[in-house]
Amino acid sequence: MAALRRAVVPLALVLVVAACTAADPGTATTTASPTTTTIAVAIRSTAPSPVVVGEGVDDGAAAALAAEIERLRPVAESLRGLGFIGAPQIAILTPEAFSGRWAMSLDASLDAPALAVESRLMRLMGLVGPGDDLRAIIIRNVPEPLAAFYDAGAGELVVSASGPGLDGARQAEIVRHLVLMLTDQYHDHARRVAELRERGETDQANALAALAVADALYAELRFIDTLSGEEQHAVASAGVPVVSGPRFVVHELAFAGDAGVPFVARLLETGGTAELDRAYGVGLTTESILHPMRFMAGEGVLELGTTDVAVDGYTLQHAGSRGELGLRSLLGSATIPGVLTQTADGWGADHEVLLSSVDDVAFGYVFRGDSADDAVEVAQAFLDHATFVMGMNEGLASGGGVEFVGVSAGEDGDDGATEEAPVAGPYVFVDRAGDVLVVVIASDITAGRELRSQLGR
């Protein structure tokens, strides 16, 4: 799901997918409304906090809401153990304008062309249905925030003027996004995530994005603990959105909450705020977040070279690392959860390439395990996926590995083709040597074999 990881900043719990947009760092891609006024609210620093009030919002109501947000600001700072470097900018909009701004932010965070190619690969692998589209699945599973979201591209906390006061659920959401904004001032994570994705370092980008979101989620949970019983009931009454869709989508959307929050808690327990801040400055991977003890022990990524590939008629769409999280997503449909965790646990490094033509898609994956046994387990999982998820015929020994060809191919000739049944797809190849594994999955056999020959070198 590389395109999803590149396009969504951050990739995380469904409540925060568009917390930071994929706009150019420092560039505001959305505006509050055609007509705005500006007020100022006193804050702890010497500079006032600018509050942009959208058209249709009563100035008195906006001032009261801004004051409530200002009351929450030192709470967020105290929970996180950091103070704002600069006054947080706030945009208060009508509920209608807020919904529009949210929709624009979410749309900007989703790279439609990349997700279209990724959708083709996921359909080929049997991970989504024939008519499923990843972008539509994501949008369906990302509910609009209750009260606020952090628009990193514009550098603003965008707030909905939806009522005269803030209940516990809305307060908690604002605290979360204030912390997200606060850590971005210190660690510049929104811009860095975008740069990592541009360089193809998608696993590191996912890890950094998940860390930032989990950091804010953890502060939100601590804030909820301080609320009265009645306010906590309001938070519980707000409900938790039910995520529906392919297992790998659900798993990746929940990563910051399921794995990131425990990771943050372990860092704080071990070394306090300093240890948490240190994590922002190193090359985190999703393996780091899944295994905090390995991260604190200094375990890094193994050496693994990359391969330049070129297939006639195909365009290279992506080259980078899928990481342990991405490996779990690929193999989750063919492997039961407990076995999946054990299989992906031996991730040491990987490199992937995704190419597409007008009609076809080709995916190459090179994996290095912590040991040869780990590579064996992952190889078997891909073989099981080809058989049980993709419905391929029995694999045959070929070039030292195992090759599967589509059922539409004929049985005559070197390529298994006849005049009546030309070479078609899909195509899967799995080969292992020691702790290194090569996997090729393509909708066209010829392109798959060409990619296989290049990755095999």
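1. In what follows, residues are said to meet, or to be in contact, when their heavy atoms lie within 4.5 Å. The structure discussed here is a predicted model.

2. Helix 8 and helix 11, the latter spanning residues 255-279, pack with their axes 8 Å apart and at an angle of about 85 degrees. Angles of 65 to 115 degrees count as roughly perpendicular, and helix 8 is therefore roughly perpendicular to helix 11.

3. On the helix 8 side, the residues that meet helix 11 include Ala210, Leu211, Val213, Ala214 and Tyr218, while among their partners in helix 11 are Phe255, Gly257, Gly260, Phe263, Leu268 and Ala279. Sorted by class, the residues of this contact comprise 16 nonpolar, 2 polar and 1 charged.

4. Helix 8, which covers residues 202-226, also packs with helix 2 (residues 59-80), at an angle of about 110 degrees and with the axes 10 Å apart. This angle makes helix 2 roughly perpendicular to helix 8, and the crossing of the two is right-handed.

5. Helix 2 contributes Leu72, Val75, Leu79 and Arg80 to its contact with helix 8, which in turn contributes Asp215, Ala219, Arg222 and Phe223. By class, that contact holds 5 nonpolar and 3 charged residues, with no polar ones. Asp215 of helix 8 takes part here and is also listed among the residues that meet helix 11.

6. A separate point concerns His318, which is found in strand 6, residues 315-320. Its relative accessible area is 5%, so His318 is buried, and the side chain of His318 makes a polar contact with the side chain of Glu352 at 3.2 Å.

Terms used:
Residues are numbered from 1 along each chain as its sequence is written. This is a predicted model: local features need pLDDT of at least 70, side-chain atom pairs count only at pLDDT 80 or more; totals for chains, interfaces and linings use all residues. Side-chain values use heavy atoms; hydrogens and water are left out. Helices (H or I, at least four residues) and strands (E, at least two) are DSSP runs, numbered from the N terminus. Buried means under 20% relative accessible area, exposed over 50%, partly exposed in between (1.4 Å probe, protein chains only). A polar contact is a pair of N or O atoms within 3.5 Å; within protein, one must be able to donate a hydrogen and the other to accept it, and residues adjacent in sequence count only if both atoms are side-chain atoms. Axes are lines fitted to C-alpha atoms, for helices over the stretch in contact, and angles run from 0 to 180 degrees between N-to-C directions. Angles under 35 degrees count as roughly parallel, over 145 as roughly antiparallel, 65 to 115 as roughly perpendicular and the rest as oblique. A crossing is left-handed if the near helix is turned anticlockwise from the far one by less than a right angle, and right-handed if clockwise. Ala, Val, Leu, Ile, Met, Phe, Trp, Tyr, Cys and Pro count as nonpolar, Asp, Glu, Lys and Arg as charged, and the others, Gly among them, as polar.
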